[in-house]
Amino acid sequence: MFSTDACKGSYNYLKSQKFYEAARTFIYFAISFALFIAGYFTTGTRLNLLTIVAVLGCLPACRSAVSMIMFMRCRGCSVENAGAICKSRGELDELYDMVFTSYDRNYVIAHLAVKGNTICGFTEDVKLDEQAFYRHIDAILKTDGFRDASIKIYKDIKKYEERLKQMNELDADDANTKGIINTLKSVAL
């Protein structure tokens, strides 16, 4: 029905990243803890070189924990909506489970379809500030040289399905499509 591999932009990306980040965080903290315990049991005191290494090992572990928390807060596209989108998407280039971060807030977009300079998306987040999202993505696209991009986010799946069918009829430049997809992937979580 739809792609289930774990690369950025694929269906179930957020779900697989949650597991990956949690496992990585656990392993990083376990290594630091094991180093501390090994140093303590070999020297009989916590004042040793392995304690310093264990403390320094907590830096990447804490960074990983922050990343894990970011992913745990996000939900991907539901199975029902993914099925509806799959029926309507046609041959459009698409991205699932995208999380865009800005200084003010995070924007969770369940699905994005791109054709030429036209970008349409669907979100299951009813509190999404569409205007702020448009400004944020437009600024990023302009920085990468895509000046005339049209962006629209839908919260109603039926309207989004109709728009996907319309987008399939558009004639557009594939170079812009691939460039915009790459830019969106590069700035997403």
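1. Let us start with a term: a nonpolar core here is a set of buried Ala, Val, Leu, Ile, Met, Phe, Trp, Tyr and Cys residues joined through side-chain atoms within 4.5 Å. Please keep in mind as you read that this is a predicted model. Its largest nonpolar core holds 23 residues. Those with the most contacts inside this core are F100, L112, I119, F133, I137, L141 and L184.

2. Which elements build that core? At least two residues each come from β1 (93-101), β2 (106-115), α4, β4 (150-154) and α6. The biggest contribution is that of α4, which gives six residues. There is also a second, separate core, made of 16 residues, and I85, Y96, C120 and L164 are among them.

3. Now have a look at the helix pair α4 and α6. Helix α4 covers residues 130-143 and helix α6 covers residues 174-187; their axes come within 10 Å and cross at roughly 120°. Because of that angle, α4 counts as oblique to α6. The crossing of the two helices is right-handed.

4. What do the two helices bring to their contact? From α4 come I137, I140 and L141, and they meet I180, T183, L184 and V187 of α6. Sorted by class, this contact of α4 with α6 has six nonpolar residues, one polar residue and no charged ones.

5. Setting aside neighbours within four places in sequence, L141 is in contact with I119, F146, A149, I151, I180 and T183. I180 and T183 belong to the α6 side of the helix contact described above, and L141 is also one of the residues with the most contacts inside the largest nonpolar core.

6. Is F146 buried or exposed? With a relative accessible area of 13%, F146 falls under the 20% limit, so F146 is buried. Again leaving aside neighbours within four places in sequence, F146 is in contact with L141, N176, G179, I180 and T183. For a sense of scale, F146 and I69 are 77 residues apart in sequence, and their C-alpha atoms lie 32 Å apart in space.

7. Helix α3 (residues 79-88) deserves a visit too. It is mostly covered, as seven of its ten residues are buried. These are N81, A82, G83, A84, I85, C86 and S88. What lies over them? The cover includes β1, β2, β3 (118-122) and α5 (157-168). One of the buried residues, I85, also takes part in the second core. After α3 comes G90, with a positive phi near 60°.

8. N12 is not a glycine, yet its phi is positive, at about 70°; N12 lies in the segment before α1 (13-43). D97, for its part, has a phi near 50° and lies in strand β1.

9. How do N12 and D97 stand in terms of accessibility? N12 has a relative accessibility of 27% and therefore counts as partly exposed, the class between 20% and 50%. D97 has a relative accessible area of 2%, so D97 is buried.

Technical notes. Residues numbered from 1 in each chain as written. Predicted model: local features only at pLDDT ≥ 70, side-chain atom pairs only at ≥ 80, totals over all residues. Heavy atoms only, no water. Axes fitted to C-alpha atoms, helices over the stretch in contact; angles between N-to-C directions. Helix = DSSP H or I, 4+ residues; strand = E, 2+ residues; numbered from the N terminus. Parallel < 35°, antiparallel > 145°, perpendicular 65-115°, else oblique. Left-handed = near helix turned anticlockwise from the far one by under 90°. Contact = heavy atoms within 4.5 Å. Nonpolar A, V, L, I, M, F, W, Y, C, P; charged D, E, K, R; others polar. Buried < 20%, exposed > 50% of the residue type's maximum accessible area, 1.4 Å probe, protein only.
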